[in-house]
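Student: I'm new to this one. Please give me a close look at how one part of it is put together.

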Amino acid sequence: VDGAGGAPQGREQRLGVAAGDHLFRFSTRQTEARLLKEFPQLSRVSVSRGWGRRLSVNFERRVPVARLPGTNGFLGVDGTGAPFSLAEYAGTEKLPVLFGVAPGAAAQPVLRFWERLQKTGAPWVARVTNLKVLPPADVTLYFEDETPVHWGPLAAEPGVVLRKAQRLERVLADEVLAGGIEYVRFVEENRL
């Protein structure tokens with residue numbers, strides 16, 4: 001079994017094939033589909049038969065980029081918006097929490113926005129702990145001290161995201177705000 005980040009716990013029991021079993025009495029495609037369903041933290045599974053009665057299982061783990069509140073703690077989401085348990089992942093407490101976002105395809109615009117925001121390189125992005133999306137797709141960012149930044153529409157082009165991030169960086173660096181801020185609101189692209 002090969003895969004980055006180690007094999008999922010319980011994989012041997014769920015593979016459905018044991019030493020000595022006939023290798024052609026099961027479907028590799030069905031096994032792959034079943035493993036993907038049973039291990040949502042995997043994005044890809046490949047089961048193949050080889051020479052010498054060898055069975056190989058290769059997989060790729062999902063990489064969490066954000067968290068969603070769940071009934072028993074937080075769920076991770078990758079860039080596709082697929083939800084999965086974070087139990088086998090370390091260091092996820094620093095990932096931002098998404099509020100008002102459903103998992104799956106509905107989360108993709110928010111995740112693209114978050115990726116664009118990170119690519120701006122603005123130092124304040126590291127302080128973002130939560131993203132809250134309110135209808136009709138306006139986003140509010142929250143810093144670790146719970147200061148809200150009312151960003152505005154989510155569906156902005158990458159150039160607009162960069163300009164707004166740079167403008168916010170200039171405002172946050174202003175010495176007048178050394179004592180802190182209550183909130184920030186974008187009135188328009190270049191006006192806070």
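Tutor: Helices (H or I, at least four residues) and strands (E, at least two) are DSSP runs numbered from the N terminus, and two strands pair if DSSP finds at least two bridges between them. This is a predicted model, where local features need pLDDT of at least 70 and side-chain atom pairs pLDDT 80 or more, while totals for chains, interfaces and linings use all residues. Residues are numbered from 1 along each chain as its sequence is written, and side-chain values use heavy atoms, without hydrogens or water.

Leu-42 faces Arg-61 of E3, and among the three residues between the strands, Gly-52 has a positive phi near 75°.

Now to helix H3, where 12 residues reach 16 Å from first C-alpha to last, close to the expected 16 Å (1.5 Å times one less than the number of residues). Buried here (under 20% relative accessible area, 1.4 Å probe, protein chains only) are Val-110, Leu-111, Phe-113, Trp-114 and Leu-117. They line one face of H3, because they fall within an arc of 155° seen down its axis, taken from the directions to the C-beta atoms. Just after H3, Gly-121 takes a positive phi of about 75°.

Leu-117 touches (heavy atoms within 4.5 Å) Trp-124, Val-125, Leu-141, Trp-151, Val-161 and Ala-165, leaving aside residues up to four places away in sequence.

Key: Buried < 20%, exposed > 50% of the residue type's maximum accessible area, 1.4 Å probe, protein only.
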